[in-house]
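This report sets out selected local features of the structure shown below.

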Amino acid sequence: MFGKICPYCKERIKKDALICRYCHKELDAPQDGNCSSSLWVLAGFMGLFLGAATALGFGYLNERRRWEADTEEVAFHEDTDSNQ
Ligand SMILES: [Zn+2]
């Protein structure tokens, strides 16, 4: 979108304007974009980190489940052996 709305007089002004051309109020201007973009970068890194952590966690869980399944199978066989 081109431009933004002055929060004081609600007129459409240029996006990078530091002072409203209509009411001449000072605007704390383009920091909004930078702030949100750095937040998105942070969110991206968090997503990557969480994804890696989740992948590692699932890998660990899968290994553990397989190991537990193996031991349960062994225990089951041992039980049936001792019952017979
Ligand atoms: Zn204004």
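Cysteine 9 is partly exposed, its relative accessible area being 27%, whereas cysteine 20 is buried at 1%. Here buried means under 20% relative accessible area, exposed over 50%, and partly exposed in between (1.4 Å probe, protein chains only).

The model is predicted: local features need pLDDT of at least 70 and side-chain atom pairs count only at pLDDT 80 or more, while totals for chains, interfaces and linings use all residues. Residues are numbered from 1 along each chain as its sequence is written, and side-chain values use heavy atoms, with hydrogens and water left out.

## The zinc site

The zinc ion has as protein donors the SG atoms of Cys6, Cys9, Cys20 and Cys23, which lie 2.2 to 2.3 Å from it. Donors are N, O and S atoms within 2.8 Å of the metal (3.2 Å for Na, K and Ca); because water is not among the atoms, sites may look incomplete. The angles subtended by the four donor atoms are 105 to 117°, so the arrangement is tetrahedral, a term that requires all angles of four donors to lie between 85 and 135 degrees.

Along the sequence, the donor residues follow the spacing C-x2-C-x10-C-x2-C. Cysteine 9 belongs to the loop between β1 (4–5) and β2 (12–13), and cysteine 20 to the loop between β2 and α1 (31–83), so this pair ties together parts eleven residues apart in sequence. Helices (H or I, at least four residues) and strands (E, at least two) are DSSP runs numbered from the N terminus.

## Nonpolar core

Cys6, Ile13, Ala17, Cys20 and Leu27 form the largest nonpolar core, which has five residues. Such a core is a set of buried Ala, Val, Leu, Ile, Met, Phe, Trp, Tyr and Cys residues joined through side-chain atoms within 4.5 Å.

Leaving aside residues up to four places away in sequence, isoleucine 13 touches Gly3, Lys4, Cys6, Cys20, Arg21, Tyr22 and Leu27; contact means heavy atoms within 4.5 Å.

## Positive phi values

Most residues other than glycine have a negative phi. Lysine 10, in the loop between β1 and β2, has a positive phi near 65° and is exposed, with a relative accessible area of 58%. Histidine 24, in the loop between β2 and α1, has a positive phi near 60° and is exposed at 59%.

## A charge over a ring

The charged end of lysine 25 sits over the ring of tyrosine 8, 5.4 Å from the ring centre. The criterion is NZ of Lys or CZ of Arg within 6 Å of the ring centre and within 35 degrees of the ring normal.

Notes. Tetrahedral: all angles 85-135°; square planar, octahedral: opposite > 155°, others 65-115°.
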